[in-house]
Amino acid sequence: MSALSGCFDLGNPVDENGNSRSGSGFADPPPSTPTENTAPRISGTPSSVAVIGSNWSFTPSATDSEGDKVTFEIENKPIWAEFNDVSGQLSGMPQLGHEGSYTNIRISASDGQLKSALPDFTVNVQSATTNTAPRISGNPPRTATVGQTYMFVAQASDADGDKLTFDIANRPRWANFNTTNGTLMGTPIQGDSALYENIVISVTDGQMMASLPAFSIDVSQVATSSVTLNWTPPTENEDGTPLTDLMAYKIYYGVTEGSYPNEIWIDNPGLTSYVVDNLAPNTYFFVSTSINSGGIESDFSNVASKVVN
Ligand SMILES: [Ca+2]
Ligand SMILES: [Ca+2]
């Protein structure tokens with residue numbers, strides 16, 4: 001047998017690295033058959049849960065004993081995912097409407113001749129469990145008038161049904177704010193007429209907040225006028241005796257004759273006129289009294305009326 005050895009043409013056997021084995025003599029046993037191909041090995045464990053609005057991704061790893069180029073295939077690919085047949089990555093972001101189970105997903109690796117697959121797997125797409133910020137809306141009136149009620153109610157909702165609490169920044173001093181129902185309400189009075197700026201109404205679900213754009217409220221006076229009252233200082237008491245100790249006057253007025261809810265104390269008996277201002281349009285009735293040093297107040301004077309436009 002050994003005599004025949006030299007008759008065998010062994011060609012140029014190459015090793016696994018492609019290097020020629022010629023010259024290595026016959027010490028190595030000759031390869032019995034061409035190297036037998038084996039399928040790639042694929043491994044990896046995909047997450048079984050995907051969340052709507054969040055990215056889901058899985059990339060298997062694969063090796064081939066022969067160093068063959070490996071490509072990937074998929075069966076039953078979820079509609080919301082994309083598959084890369086070079087890297088084997090399956091990824092995507094499920095959207096609303098994709099809720100449910102995606103079953104029998106099979107990813108396999110092939111070396112061109114043989115392939116092997118991961119066990120079939122399932123991905124369950126679930127609704128987001130994370131919190132959603134509340135929403136707030138509304139168009140607050142930008143003007144208010146002295147003496148008139150201002151009211152604005154902010155509208156808010158929360159997709160998660162969370163309990164909502166309102167808040168306000170730069171609340172006008174003449175208004176109250178209800179943190180439960182988002183109502184800003186109040187009646188500006190004399191002296192409140194001004195521009196109230198940078199008012200921000202917001203709502204929170206305890207974790208996240210939403211705000212309306214900052215707004216301003218311009219509080220204006222109603223159109224008012226003044227009335228000048230003139231009188232002649234009394235010189236006699238009601239009993240006809242000389243009045244020598246006049247101390248003060250009082251002016252009473254109202255919009256109904258005989259009813260005078262407004263009083264003005266004039267602490268100067270030397271005055272003979274007085275200007276009543278900030279009168280909104282109406283018809284006013286005025287009476288006056290005089291008061292002596294003993295605190296005795298006279299009866300009402302005759303009534304003077306004035307129409308304020
Ligand atoms: Ca192979
Ligand atoms: Ca929420």
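Predicted model: local features only at pLDDT ≥ 70, side-chain atom pairs only at ≥ 80, totals over all residues.
Residues are numbered from 1 along each chain as its sequence is written, while chains are lettered from A and ligands numbered from 1 in the order in which they are written.

Asn 198 is not a glycine, yet it has a positive phi of about 60°. It lies in strand S18, residues 195–204. Strands here are DSSP runs of E of at least two residues, numbered from the N terminus.

Asn 76 also has a positive phi of about 60° without being a glycine. Its place is the loop between strand S5 (71–75) and strand S6 (81–83). With 13 other C-beta atoms within 10 Å, Asn 76 is partly exposed.

Back to S18, and to the core. Which elements give two or more residues to the largest nonpolar core? The core has 16 residues, and Ile 136, Ala 154, Ala 156, Ile 201 and Val 203 have the most contacts inside it. Such a core is a set of buried Ala, Val, Leu, Ile, Met, Phe, Trp, Tyr and Cys residues joined through C-beta atoms within 7 Å. The elements asked about are S18 and strand S20 (215–220), and S18 supplies the largest share, 3 residues. Apart from this core lies another, of 12 residues, among them Ala 50, Ala 62, Val 70 and Ile 107.

Four strands form an open sheet in the order S23-S22-S25-S26, with antiparallel pairing; two strands pair if DSSP finds at least two bridges between them. Strand S23 (262–266) and strand S26 (304–308) are the edges, each pairing on one side only. Strand S25, residues 282–292, is joined to S26 by 5 bridges, and Tyr 284 stands opposite Lys 306 in S26.

Last, strand S21 (residues 225–230) runs antiparallel to S24, with 5 bridges between them. Val 227 has Val 276 in S24 as its bridge partner. S24, residues 273–279, is hardly covered: of its 7 residues, the buried count is 0.

Notes: Buried ≥ 20, exposed ≤ 12 C-beta atoms within 10 Å, placed from the backbone.
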